[in-house]
Amino acid sequence: MKTRNGTFYLLMVPVLLWLLMLLVIPHLDMFFRSFRFETDDGLMVFSLNNYLSFFEDKIYWLTFVKTAVYSIGVTFLAFVVTFPVAFYLTKVVAKKYSSFMVLLLLIPIWIGELVTIYGWMILLSDNGVINNFLIRIGLIDTPIVMLYNNFSMTIGLLYMSMLFMIIPMMSALESLDDSLIEAASDLGASKWTIFRQIIIPYTTPGIASGGIIVFMLIIGDYVAPNILGGKSSLWFTEQIYNKFLATFNWNEGAAFGFLLLMLSSTIIWIALKLTGQKLERVGS
Amino acid sequence: MKKLVIIGAIALSLIANGAMAKDTLRLLTWKGYAPAKLVKAFEAKTGIDVKITYSNNEEMIAKLRATRGGGFDLAQPSQDRISFVQAKFPVYQPIDFSRVNTDQLVKSMVDAVKKNSGVDGKAYAVPFCYGTTGMIVNTKLAPDANDWSDLWNPKYAGKISYRLKRPLLIATAFGMGEDPFALYGDKAAYRALMKRVEKTLIDGKKYVKNYWTSGDTQVAIIKSGDANVISGWDGKGWSLHKINPDIDFIAPKSGALGWIDTFAIPAKSKNLDAAYKWINFMLEPENAAYFTNKEGYGTASAGALDFLNDEIKANFKRSFPQEALDNIKWHPPVPEGFETIEAKVLDRIKAAE
């Protein structure tokens with residue numbers, strides 16, 4: 001076994017500092033804060049009230065469930081939409097073009113989420129590009145309402161998260177030997193069987209890691225639901241934001257933050273169990 | 001090993017140097033409150049480097065609370081959001097009025113802000129500018145919209161928008177013919193009033209196109225024609241009027257809501273000199289007038305009137321005839337705990353179908 005000298009420990013320092021200062025300490029602080037409650041006399045006491053208030057109020061529940069359901073749904077949609085793209089880029093198109101195309105896919109990320117969302121507003125608005133086009137070609141008379149509802153929110157979330165699904169799937173697909181597909185085809189397997197029995201099992205780690213990233217991005221997003229979501233879209237992050245910034249109740253905000261953390265961890269754990277994946281394998 | 005230490009030491013000293021090299025003023029303010037031209041002029045005049053962070057009332061309080069009044073040398077909260085914060089989390093320090101050039105300010109505003117930002121007999125703010133929240137209306141498509149109650153008027157179904165925040169609750173109360181400010185001393189009565197406001201807004205929700213969330217989305221929604229009757233800020237309405245004369249700011253019949261934004265000094269300000277210099281500089285008549293001409297908001301500087309553009313003067317005249325001016329409801333300081341009541345109401349409205 002190699003001996004570990006001073007340099008090894010010195011190089012460990014940044015890692016440990018990073019973990020401790022940016023992850024462990026803030027979370028511990030939030031954790032303790034979430035159990036502190038201000039009584040009517042202005043005293044800070046240990047209490048579960050911050051968590052209880054979540055269960056007492058129906059709005060918090062509804063928002064929580066809606067956020068979870070939509071996040072799962074959009075993650076699945078992202079998979080459906082991007083899988084053909086990833087497959088095309090790795091297996092169909094020539095290598096020299098595919099890297100250029102990947103570069104094109106990256107462009108929305110360079111611009112930033114807020115700007116792309118404003119772009120979608122221009123497209124989807126009542127007097128926007130799409131409605132104007134449809135009216136011009138005579139397909140519709142009155143504009144279709146596309147902006148400020150769950151539809152536009154889903155589009156916004158999908159658009160900003162697609163790339164994070166494509167990249168892990170592409171790297172999984174790249175290592176898939178084409179001869180496997182060819183062999184199956186020679187042996188008379190239908191396209192659907194090949195897809196279900198060879199491609200999907202082989203790329204599951206890529207799908208799972210892409211899915212985790214996308215799911216995390218969506219469940220913790222604030223901008224897209226806030227701007228594109230319209231008048232009834234309450235996202236759980238908005239509730240946390242309001243606790244911290246509108247009512248100055250940091251303790252309840254911390255409790256809600258932990259509830260969101262628990263929710264997303266649980267969902268990911270269940271998803272990994274269902275697909276028979278291990279976190280270590282997915283994470284690499 | 002030794003090499004690493006040396007590199008580390010050099011890196012650290014570079015960082016430290018960068019931070020302390022110059023006399024700086026760290027300003028926490030709103031977009032538009034520190035116009036680039038004035039910042040340059042100030043830097044040239046005093047040699048002080050101005051570092052600006054943009055924010056809003058809620059974030060200002062959160063930021064200063066997180067650092068217990070550190071990280072910034074000067075902040076610009078609204079006058080009604082100072083005293084209850086100061087009473088609970090002491091994030092500001094009292095203003096030394098001997099260092100503020102009060103001769104160049106409108107005296108009534110200074111006195112009002114002194115009173116409203118006061119805690120234990122000490123004043124924590126100097127007025128900077130004022131404006132009103134009212135309505136921005138496309139007067140061609142909705143010629144009769146002129147009151148808060150039009151925000152839930154079926155006549156404008158699908159073309160209404162507002163920001164679902166506390167000013168809207170106050171506005172709705174006024175639109176219902178009530179006086180929420182009179183109930184600031186009576187928590188139970190205020191809670192009951194908010195319940196009625198909630199009902200009005202939930203019933204009217206089906207007519208709303210969307211809730212706007214920022215100055216930019218406010219402008220976008222009426223400019224694009226997605227809405228014709230919205231709640232909005234006078235400065236924004238007037239700048240829209242310049243682009244499209246059909247759109248204008250209208251002071252609602254039941255009263256526009258007046259706000260005053262101020263200068264307040266965080267408790268751990270590191271450069272008091274620069275803070276007071278900036279306050280006095282920004283309120284010099286020419287500079288204050290430059291700000292008002294550019295942003296459209298009224299100023300606390302007394303002499304600025306002589307330097308205002310005709311267009312700006314015309315805005316005030318058009319939107320605020322004498323009776324509208326007299327009817328402005330100025331925000332009194334928000335009592336502690338009221339925002340928790342309002343937050344629940346806002347949540348329920350947002351979640352309602």
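**Domains, chains and a sheet**

Modeller: To start, the domain assignment of chain B gives domain 1 (2–130 + 260–321) and domain 2 (131–258 + 329–351). Keep in mind that this is a predicted model.

Biologist: Which element gives the most to the side of domain 1 of chain B that touches domain 2 of chain B?

Modeller: On that side, 16 residues of domain 1 of chain B are in contact with 15 residues of domain 2 of chain B. The elements giving two or more residues there are α4 (83–88), β5 (126–138) and α12 (310–319) of chain B. With 4 residues, the one that gives the most is α4(B).

Biologist: And how many charged residues has the side of chain A that touches chain B?

Modeller: Here 24 residues of chain A are in contact with 25 residues of chain B. Elements of chain A that give two or more residues are α1 (6–33), α3 (58–92), α10 (223–228) and α11 (236–245). By class, chain A's side has 11 nonpolar and 11 polar residues, and the charged ones number 2.

Biologist: Last one: which residue in β2(B) does B:Leu28 stand opposite?

Modeller: Look at the open sheet of 3 strands in chain B, ordered β2-β1-β3 with parallel pairing. Its edge strands are β2 (49–54) and β3 (74–75) of chain B. Strand β1 (residues 24–29) of chain B pairs with β2(B) over 6 bridges. In β2(B), the residue opposite B:Leu28 is B:Thr53.

How values were computed:
Residues are numbered from 1 along each chain as its sequence is written. Chains are lettered from A and ligands numbered from 1 in the order in which they are written. This is a predicted model: local features need pLDDT of at least 70, side-chain atom pairs count only at pLDDT 80 or more; totals for chains, interfaces and linings use all residues. Domain bounds come from an automatic or database domain assignment. Two residues are in contact if their C-beta atoms, placed from the backbone, lie within 7 Å. Ala, Val, Leu, Ile, Met, Phe, Trp, Tyr, Cys and Pro count as nonpolar, Asp, Glu, Lys and Arg as charged, and the others, Gly among them, as polar. Two strands pair if DSSP finds at least two bridges between them.
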